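Please consult the sequence and the structure alongside the text.

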Amino acid sequence: MSRTLNPPRDHGMTLTEVVVTVGLLALISTVIVGAVSVVFRSERGVTTAVAESHDVQQAVNYFYLDVQSGPFDPSSYRSSTDSDRGSGCDDVGSDNVFRFDDDDRRVAYRLIPSGDLAALDRYECDFDGTAWSVRSRVNIADSLDTTSGNPVSVTVASTASGDEVEQVEMAFAQSAGDQVVAAAPRAETGVSAASLGDCDNNPLKATEGFETFVEGDVHIVGSQVKRSLAVGGNLSFSGNVAVGQNMNHTADYPVTVGYTNASLIVGNVAWAATPDQSKITLHSGTDGVFGTFVDSSKTKSGQNWTVFPKNRTDNKRPEIKLQNGGQPYENVSPIAFSDAFDDLRACSDLMAALPDQCACAEMVSLTNVNGNTYEGTASNNSVKLVLQAGKVNAFNVPEANLDQLRDIKWSSAAPSTTTPLIINVIGGPDVTFEPPQIQGGGSTAQSIIWNFPHATGTVTIAGGGGDGVWGTVFAPYAHVTATTKIEGGVVAKKFTFSGSSINPSRSFEGTINWDVP
């Protein structure tokens, strides 16, 4: 059989096909160029956002503490509108957007233009009796846009009488709108016996050894409270909750008179607010003290006790399990919570006034003892604190800027029982933040208090796990709600805790040696 081969087909394009192809290529090129343009714009947007966030971060780290340590006399300040504001440490020039002189110390913020951009540098200066010299210089911002006007401005507001500085504000003109960091000089008032009240050298003394100590209601969802829990109001819970697992030594137990083995003390169990099949299990051999059994029943099986809602015997009832000889006790008022919180609130107020209230304390510095200054960058927004060994160290953070702290490190000494750190969160009444990472973690947590003296609403600690809070959460005026672990104790007016753990073996162990004349 023979086969006929067809001649090869001509693949030349007609004029119509050429026109169509060129049109399609043009359309595709336009789409690609547009996509690349969008990517470039997106990258520029991300870069801008990171840079602007860094600028505000650095201002929080430095400007806030500078103003707090500054003088009250308005004549000591030069701001954006003053013609004699100088340049860096020099009196001559007008590059500075802010400056203050305090005896032989000068702090200045200098704007350094370069085309359409500008940098902002912070100067700390010394006076030798004749001239000012630069002690340290640190970059605060390095990509400020000058095309739309002044990228940074500082205003100094005085009191109505005009004889004291009331507040100083630094505003950054950013793509998302102005960002403002505000602060005020601190009043220096000595502590007296009357203002000290019953606040002890141990600010947690009134908790009677309970690491988690709450004046009012507590609700716990599927969490672990690894040592003792004291609830002045109603306790409700959901899921499986464990209390006291780490109470393995005599020193782990609270000092409440008559209940030396208690891991749990509650005013009342709110059974109606506790779902079926929810359970609290107390550590083996530890006792529970309940304000009343009017709404509860208790039953014993061998060495174990169960506390549950009255008239409920079904296998779905919520309950509290006491194991291996742990006893349930009834006592309407084993702890005077109201009196205890009077003392705890007095301590919170006094710690908020550190260091002025006590010669035992110093405000943390951001410049190390050798005069070198830590410089944060867009990729490393840590704040590096210089602690004074043998002193109580106060670090005051405005509530509006708290969530911008991502990482806390130490320039020299780390917190210890003889060098404790009090982090005062200034502002309120509501605070929401994700805790920063802290250098050393567990080795420093016993020497750190997070004090919320102005929070009278809710302190919300977010994070969903992560590194959690290192240190004791001290919020005696507020309702604390947390969804992340707490490596320390909790003192709160009310408390809601969900899906994590409290490890109070790291609760505060420092002392404050109040100086009372």
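The largest cavity has a volume of about 60 Å³ in this predicted model. The structure holds one cavity of 30 Å³ or more. Further points follow by topic.

**Cavity lining**

- The lining of the largest cavity consists of Val60, Asn61, Tyr64, Leu65, Phe395, Asn396, Val397, Pro398 and Leu405.
- Helix H1 (15–68) and strand S23 (392–398) each contribute at least two residues to this lining.
- By class, the lining of the largest cavity comprises seven nonpolar residues, two polar residues and no charged residue.

**Ser228**

- Ser228 lies in the loop that separates strand S11 (224–225) from strand S12 (229–238).
- Ser228 counts as buried because its relative accessibility is 0%, and the cut-off for buried is under 20%.
- The side chains of Ser228 and Glu211 are joined by a polar contact of 2.9 Å.
- Beyond its neighbours within four places in sequence, Ser228 is in contact with Gly209, Phe210, Glu211, Thr212, Met247, Pro254, Ala262 and Ser263.

**Five-stranded sheet**

- Five strands form an open sheet in the order S1-S2-S3-S4-S5, and their pairing is antiparallel.
- Strand S1 (77–78) and strand S5 (132–145) are at the edges and have a single partner strand each, so one side of each lacks a neighbour in the sheet.
- Strands of a sheet pair through backbone hydrogen bonds, in either a parallel or an antiparallel manner.
- Strand S4 (residues 117–127) runs antiparallel to S5, and ten bridges join the two.
- Phe127 stands opposite Trp132, a residue in S5.

Conventions
Residues are numbered from 1 along each chain as its sequence is written. This is a predicted model: local features need pLDDT of at least 70, side-chain atom pairs count only at pLDDT 80 or more; totals for chains, interfaces and linings use all residues. Side-chain values use heavy atoms; hydrogens and water are left out. Two strands pair if DSSP finds at least two bridges between them. Helices (H or I, at least four residues) and strands (E, at least two) are DSSP runs, numbered from the N terminus. On a 1 Å grid over the protein atoms alone, a cavity is a set of points where a 1.4 Å probe fits but cannot get out, and a pocket is an open set with protein on both sides within 12 Å along at least five of seven lines; lining residues have an atom within 4 Å of a point. Grid points are joined across faces, edges and corners, and a volume is the space filled by probe spheres set on the points. Ala, Val, Leu, Ile, Met, Phe, Trp, Tyr, Cys and Pro count as nonpolar, Asp, Glu, Lys and Arg as charged, and the others, Gly among them, as polar. Buried means under 20% relative accessible area, exposed over 50%, partly exposed in between (1.4 Å probe, protein chains only). A polar contact is a pair of N or O atoms within 3.5 Å; within protein, one must be able to donate a hydrogen and the other to accept it, and residues adjacent in sequence count only if both atoms are side-chain atoms. Contact means heavy atoms within 4.5 Å.
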